[in-house]
Amino acid sequence: MRSEKTPNVRRYWAALTFLILGALIGVWHNRVTARGQQDPVVSLVRGVLARPVGWLHGASQWFGAQTGWLFRGRALDAENRRLRDRMAQLEGEAAALREAQVNYDRLRDDLGFAHANTPRLLAADITARKTDPKFDTLVINRGVRDGVRVNSMVRTRSGLVGRVFEVTPGTASVLMLTDQKSGVGGRVQRANSRSVGVCEGNNSSRLDFRYLPSEADIKPGDLIVTSGLGGVFPPGQLIGTVESVKADEGNVGKTAVVRPVVEFDRLEEVYVQP
Amino acid sequence: MTPPVRRALRLSVALLVAALVQLAFADYLSLRGARPDILLATALISSMFCEANGGAVLGFSVGLIHACFAAPPGGFGSLLFSRTLVCFGVGWLEERIYRDSGLLAVVLVTLGTALSECLFFVSAPQRHLLHWARSVGTTTLYNLVLAYPLYLLLRRWLGPLRERDTY
């Protein structure tokens with residue numbers, strides 16, 4: 001029996017070595033990233049490949065921008081009209097909000113509160129997006145050198161994208177809100193309802209807003225923003241809009257389906273809050 | 001340059017091109033939510049032109065590239081393990097059971113994609129089983145469609161493993 005096994009072990013030494021090496025690298029990687037440190041193996045592989053991938057990704061985006069109208073035609077025209085209407089509406093809202101901000105700042109001054117500093121945002125290009133069909137992750141071209149660290153918030157102008165979960169000197173991996181491993185504390189943004197829950201991804205284009213109490217006041221059309229609970233994201237970052245609400249089994253709570261404001265399939269650049 | 005060295009170089013070039021295509025364009029190649037795993041399909045077909053050890057090295061390389069760019073928290077080692085094992089299996093079978101052919105390439109890519117994703121699932125369980133199954137199913141179908149053209153390209157680029165394969 002022994003004499004039959006030994007030649008096989010010798011014969012398949014490479015397979016055994018690489019299987020063991022893979023397991024060891026995996027365990028080591030998990031430990032290093034859990035501590036928020038850089039994995040030199042990832043840094044090395046990305047150091048070689050990230051730049052050409054970024055160029056190709058940029059070239060494909062440019063090509064898509066040049067030829068997209070060929071495929072979208074009328075839809076593009078309708079979208080333009082819709083966006084113009086939306087922009088006019090938002091300009092009105094922005095003016096009202098600026099007015100409210102002025103009043104708010106004046107009242108805070110009167111009450112002696114300190115002003116919150118506006119956080120610095122760092123623009124980043126996407127190097128690779130959803131390269132594995134099973135995971136909703138991004139690789140961006142900003143890393144430790146730019147001050148990005150694990151759990152840095154990533155957003156667009158419209159709303160929250162996700163958080164950084166791995167960094168190398170020149171790149172960072174982002175876990176998008178839609179990934180099934182993502183969970184963000186959320187709050188209903190309505191004056192008479194401040195219900196709090198957790199927005200969880202499920203690898204689809206919608207989020208599940210879970211753990212709401214059964215008496216939570218939430219309805220379709222409500223905006224969901226980050227609650228700030230958990231300490232990863234600052235409060236008030238826009239997540240999405242409630243599409244539907246249903247009671248959980250046994251009526252112990254409610255779950256809402258949330259449509260994110262960010263169009264994850266059309267992301268081209270993002271902002272990182274280091 | 002000796003034939004084995006030339007073959008190794010050609011394999012490396014094939015994998016590098018597949019990696020660049022996968023990383024830069026996979027999202028753009030999405031059809032109704034289905035995305036291909038060109039890197040894995042290339043590795044599985046390339047393993048047919050190696051032997052078992054070569055397959056393991058290929059699988060490890062592909063798993064490493066994939067994991068470095070796409071692994072979610074906790075999934076790094078599982079990607080390495082599943083890719084290495086499946087590509088080793090393809091190389092091992094090639095040594096014992098079959099010789100390369102287009103039909104086999106289609107079967108191997110289909111089964112290999114599904115098997116490597118199942119191995120991944122076993123070592124890194126996913127929370128939403130249905131979403132995972134749908135994603136794996138559509139990727140497997142996509143890879144099935146890509147398998148034959150990829151096989152023809154790789155066979156032309158790498159050449160047959162043995163002289164007797166040319167019958």
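Two strands are said to pair if DSSP finds at least two bridges between them. Helices (H or I, at least four residues) and strands (E, at least two) are themselves DSSP runs, numbered from the N terminus. The model is a predicted one, in which local features need pLDDT of at least 70 and side-chain atom pairs count only at pLDDT 80 or more, while totals for chains, interfaces and linings use all residues. Residues are numbered from 1 along each chain as its sequence is written, and chains are lettered from A and ligands numbered from 1 in the order in which they are written.

Chain A contains 3 helices and 12 strands. Its radius of gyration, taken over C-alpha atoms, is 23 Å, well over the 19 Å that the globule rule (2.2 Å times the number of residues to the power 0.38) gives for 274 residues, so chain A is more spread out than a compact globule. The C-alpha trace of chain A spans about 85 × 50 × 45 Å along its principal axes. Of its 274 residues, 34% count as buried, a residue being buried if 20 or more other C-beta atoms, placed from the backbone, lie within 10 Å of its own, exposed if 12 or fewer, and partly exposed in between.

Within chain A, 6 strands close into a barrel in the order 6-7-8-11-10-9, with antiparallel pairing. From one strand to the next the twist averages 40°; angles run from 0 to 180 degrees between N-to-C directions, and axes are lines fitted to C-alpha atoms, for helices over the stretch in contact. Part of this barrel can be followed strand by strand. Strand 9 (residues 223–226) of chain A is joined by 3 bridges to strand 10 (residues 238–247) of chain A, and the two run antiparallel. Here A:L223 stands opposite A:T241 of strand 10. Strand 10 of chain A is in turn joined by 7 bridges to strand 11 (residues 253–260) of chain A, again antiparallel, and A:A247 stands opposite A:K254 of strand 11. The hairpin of strands 10 and 11 of chain A has 5 residues between the strands, and in it A:G250 takes a positive phi near 80°.

Chain A also meets chain B. Contact (C-beta atoms, placed from the backbone, within 7 Å) links 40 residues of chain A with 41 residues of chain B. Helix 2 (13–34), helix 3 (40–111), strand 1 (122–129) and strand 2 (137–140) of chain A each give two or more residues to this side of chain A. Helix 2 of chain A gives the most, with 12 residues.

Chain B has 6 helices and 0 strands. The radius of gyration of chain B is 15 Å, close to the 15 Å that the globule rule gives for 167 residues, so chain B is as compact as a globular protein of that length. Its C-alpha atoms fill a box of roughly 50 × 30 × 30 Å, taken along the principal axes, and buried residues make up 51% of the 167 residues.

The axes of helix 4 (residues 76–96) and helix 5 (residues 102–123) of chain B come within 9 Å and cross at roughly 145°. Residues making the contact include B:L79, B:F81 and B:L85 of helix 4 and B:L108, B:L115 and B:F120 of helix 5 of chain B.

Technical notes: Contact = placed C-beta atoms within 7 Å.
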